[in-house]
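Please read the points below with the sequence and the model side by side. They are meant as a colleague's notes.

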Amino acid sequence: MNTGTAASRQAAREAWEPVLALAGAQGQELGEQILSVAHQVARHRLTGPLTDPGREPADKAALARRLFEGKVDDRVVELLQALVHGRWSRPADLVTALHDLGIAAVLAGARSGGTVGDVEQELFAVTEVITSNRELRQALEPSRRTTTDDRVRLAHSLFASRLSAPAMSLLTWCVRHRTQGGVPRNLRRVTELAAAIQSRVIADVVTAVPMTVAQEERLTAILRRRLGSDVELNTMVDPAVVGGVKITAGDIVFDSTVSSSIHDLRTALAS
């Protein structure tokens, strides 16, 4: 991401943060509207005219208002206007910025309402369901046989009755947004942001057999000291690791598994 895009994102974020702070629990609704605007901008290929460097910023801002005034909250329209005033290295960067701001707003609203922890846990549960069900995971991925709306309707039919409004709106984004790693990767991104809002780090822990409660408590304490923040363990059992433990927390990876040692040995012998 070059300086133009980074500067535009930063300027819009700085202008938006006090608005979001004043919105309180309304941030959830504003975030949902921002994500909806991002979807419409991408779906109707509006990124070109809204980011065209050959057009005056005031013209692009006026276009943004004409497109969305009366359809979403004025605060969301003003945010979009602030974004299109900037310069973007790629038109798609505008949509990415809207995604990030929308997710952050939904989570900020949930935090104001005291439910951001619940939202995080709900999305964790959805992640487990999707990752453990290959057929469902494939049904939610982009396909020539289904449309995005079809996949969103499927997600709603399966999860809407079990999820809160903010969790469902974020799951909808996860299904709509195409990325490498698919829906599980999007869900991970959202849960990491939810954890960060609560000053926590999610640590993925893979072991050959389930950890005991005492082991989890000791590991949490060790990671808390190492990372300098609260830690939430996301434990997974994989017999293929044979023994030991693999821990991934942010940029930190610790792998003491037997399978890793065998791989390292084979690599050394082959070199």
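In which helix of the chain is confidence lowest, and in which is it highest?

1. Confidence. The mean is lowest in helix α13 (residues 258-270), at 52, and highest in helix α4 (residues 57-68), at 97; here pLDDT is the predictor's confidence in each residue, from 0 to 100, and helices (H or I, at least four residues) and strands (E, at least two) are DSSP runs numbered from the N terminus. Over the chain the average pLDDT is 90, and 93% of the residues score at least 70.

2. Basis of the notes. This is a predicted model, in which local features need pLDDT of at least 70 and side-chain atom pairs count only at pLDDT 80 or more, while totals for chains, interfaces and linings use all residues. Residues are numbered from 1 along each chain as its sequence is written, and side-chain values use heavy atoms, with hydrogens and water left out.

3. Strand β3 and its partners. Two strands are said to pair if DSSP finds at least two bridges between them. Strand β3 (residues 245-249) pairs in the antiparallel sense with strand β1 (residues 200-207) over 4 bridges, and T207 stands opposite V245 of β3. On pairing with strand β4 (residues 252-255), β3 is again antiparallel, over 4 bridges, and T248 there stands opposite V253 of β4. The hairpin of β3 and β4 has 2 residues between the strands, and in this hairpin G250 takes a positive phi near 65°.

4. The two faces of β3. V245, I247 and A249 make up the covered face of β3, whereas K246 and T248 make up the uncovered one. In a regular strand the side chains alternate between the two faces of the sheet.

5. Positive phi outside glycine. R45, which is not a glycine, has a positive phi of about 55° and is found in the loop between α2 (27-43) and α3 (47-51). With a relative accessible area of 73%, R45 is exposed (exposed means over 50% relative accessible area, buried under 20%, and partly exposed in between, with a 1.4 Å probe and protein chains only). S199, also a residue other than glycine, has a positive phi near 60°; S199 lies in the loop between α11 (182-197) and β1, and at 52% relative accessibility it counts as exposed.

6. A buried threonine. T220 is placed in helix α12 (residues 213-227) and is buried, with a relative accessible area of 13%. Leaving aside neighbours within four places in sequence, T220 is in contact (heavy atoms within 4.5 Å) with V231 and L233.
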